Each structure stands twice: as structure tokens, then as C-alpha cells.
Amino acid sequence: MEKLWAPWRAEYTKSKKTKGCIFCLKPKSKGGKKDYIVTRGEYVFSMLNAYPYNNGHIMVAPYRHIQGLDGLKKEETSELMEMVNKSIYLLKTILKPSAFNIGINIGSIAGAGYAEHLHVHIVPRWQGDTNFMPIIAKTKVVPEALDELHKRLKDAQKK
Ligand SMILES: [Zn+2]
């Protein structure tokens, strides 16, 4: 777990320049290609992480800018869990991972990059991926790979 959640992201977290909260800004984009939104629900949405822990890393967040699970309304809580389930299903269909890590970092000390806006990480796992991730993480994320995965996730929902 230590390997999965931390080291290669430190650089990104430190160099983060984006002003404002991505979980507030991204859903407001008008379906542009680069927003990487996968599913828009009534209270919550899911999007691909542009700085993934692993291939297929999805984040699910409420539209409302709130920090903790205890700030969620009942309907938001239930749609959040449904969206997590749906994301797992989509990733299973497309990427066929052997396992998942589902996690929430509440507060910046817990490792949250955007500590003030609650989000759930869904990270697909494959046998042996902790061995190669620290190595490939030193390379840049290939935008084409994200675009392609984004398209496949959107297409899978049309069926
Ligand atoms: Zn926000």
C-alpha cells in the first residue's frame, strides 16, 4: 500500500499549479474532450484522474464542494456508492483488472491532493503492478492513452 499511494505523486502534488478546485471546475466544462468526465449523475460524477496511480484510475465526487463524508446528504451518499459500483463495473468490462483499491483521503495530511472536496479513488490493480509503477511514473502520462480510455469508458455506457 505504501508503494501504491505515495512516492511518485509527491512531485505532482508539490508542483500543482491549477488554481481553484478541479472537482468544482471540471463538471462545469461543456463536455469538452479534455475534461475526462466519465459519468454525470444527479448529485455526483466520475472522472479519470489525469495523474493516475495506475491505468484506469477513476475518481468519484459530489458536485457540492464539501470536505467529509459526514457532510453528504442521504441521496448524495447513496449515489456516490452507486457511482463507485458503476465505475468498478465499467473498469472490469474494459480493462479486466484482477483487483481494486477503493480509497478516500480525508484531509491533506492523509494525502488528499484536493483536501477540501471529497472524492473517492478507484484504482484498478494487476498482479505485479506495484513493481513497475514507480518506474513508469517517472515518465509523463501519455495524453493519447487517457483520451482512448476515456472514449472507451463513454462508449461502454452507451451499450
Ligand atoms: Zn470543490
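1. Asn101 sits in strand S4. Helices (H or I, at least four residues) and strands (E, at least two) are DSSP runs, numbered from the N terminus. Asn101 counts as partly exposed, because it has 15 C-beta neighbours inside 10 Å. The cut-offs are these: a residue is buried if 20 or more other C-beta atoms lie within 10 Å of its own, exposed if 12 or fewer, and partly exposed in between, with C-beta atoms placed from the backbone. Asn101 and His57 are 44 residues apart in sequence, and their C-alpha atoms are 9.7 Å apart in space.

2. Some ground rules come next. This is a predicted model, in which local features need pLDDT of at least 70 and side-chain atom pairs count only at pLDDT 80 or more, while totals for chains, interfaces and linings use all residues. Residues are numbered from 1 along each chain as its sequence is written.

3. How far can the model be trusted? The term pLDDT is the predictor's confidence in each residue, from 0 to 100. The mean for the protein chain is 81, and 77% of its residues reach 70 or more. Confidence is lowest in helix H1 (residues 2-5), at a mean of 46. It is highest in helix H4 (residues 74-95), at 97. Two stretches call for care. Over residues 13-18 the pLDDT stays under 50, and the model has two contacts there beyond four places in sequence. Over residues 132-140 the pLDDT is also below 50, with five contacts beyond near neighbours in sequence. Where pLDDT is low, the predicted coordinates should not be read in detail.

4. Now the overall layout. The protein chain has six helices and five strands. Along the sequence, the pattern is α-α-α-β-β-β-α-β-β-α-α. Of the 159 residues, 21% are buried. Take the contacts between residues at least 6 apart in sequence: 66% of them join residues at least 24 apart. Two residues are in contact if their C-beta atoms, placed from the backbone, lie within 7 Å.

5. The five strands form an open sheet in the order S1-S2-S3-S5-S4, with antiparallel pairing. The edge strands are S1 (37-40) and S4 (99-103), and each pairs on one side only. On average, neighbouring strands are turned by 20 degrees against each other, direction ignored. Here axes are lines fitted to C-alpha atoms, for helices over the stretch in contact, and angles run from 0 to 180 degrees between N-to-C directions. Two strands pair if DSSP finds at least two bridges between them.

6. Look at two of the pairings. S1 and S2 run antiparallel and are joined by three bridges. They form a hairpin with three residues between them. Thr39 stands opposite Ser46 in S2. Strand S2 (residues 44-48) also pairs with strand S3 (residues 58-62), in the antiparallel sense, over five bridges. There, Leu48 stands opposite Ile58 in S3.

7. Which residues of H4 are buried? They are Glu76, Glu79, Leu80, Met83, Ser87, Leu90 and Leu91. Seen down the axis of H4, these buried residues fall within an arc of 110 degrees, so they line one face of the helix. The arc is that of the directions from the helix axis to the C-beta atoms. On the other side of H4, Lys74, Asn85 and Tyr89 are exposed.

8. The length of H4 also checks out. At 1.5 Å a residue, its 22 residues should span 32 Å, and its end C-alpha atoms are 31 Å apart, which agrees. The expected span is 1.5 Å times one less than the number of residues.

9. Leu95 lies in H4. Leu95 is partly exposed, because 15 other C-beta atoms lie within 10 Å. Leaving aside neighbours within four places in sequence, Leu95 is in contact with Asn55, Gly56 and Pro124. Leu95 and Gly56 are 39 residues apart along the chain, yet their C-alpha atoms are separated by 7.6 Å.

10. Most residues other than glycine have a negative phi. Lys96 is found in the loop between H4 and S4, and counts as exposed, with 9 C-beta neighbours inside 10 Å. Tyr36 also has a positive phi, near 60 degrees. Tyr36 is in the loop between helix H3 (22-25) and S1. Tyr36 is buried, because 20 other C-beta atoms lie within 10 Å.
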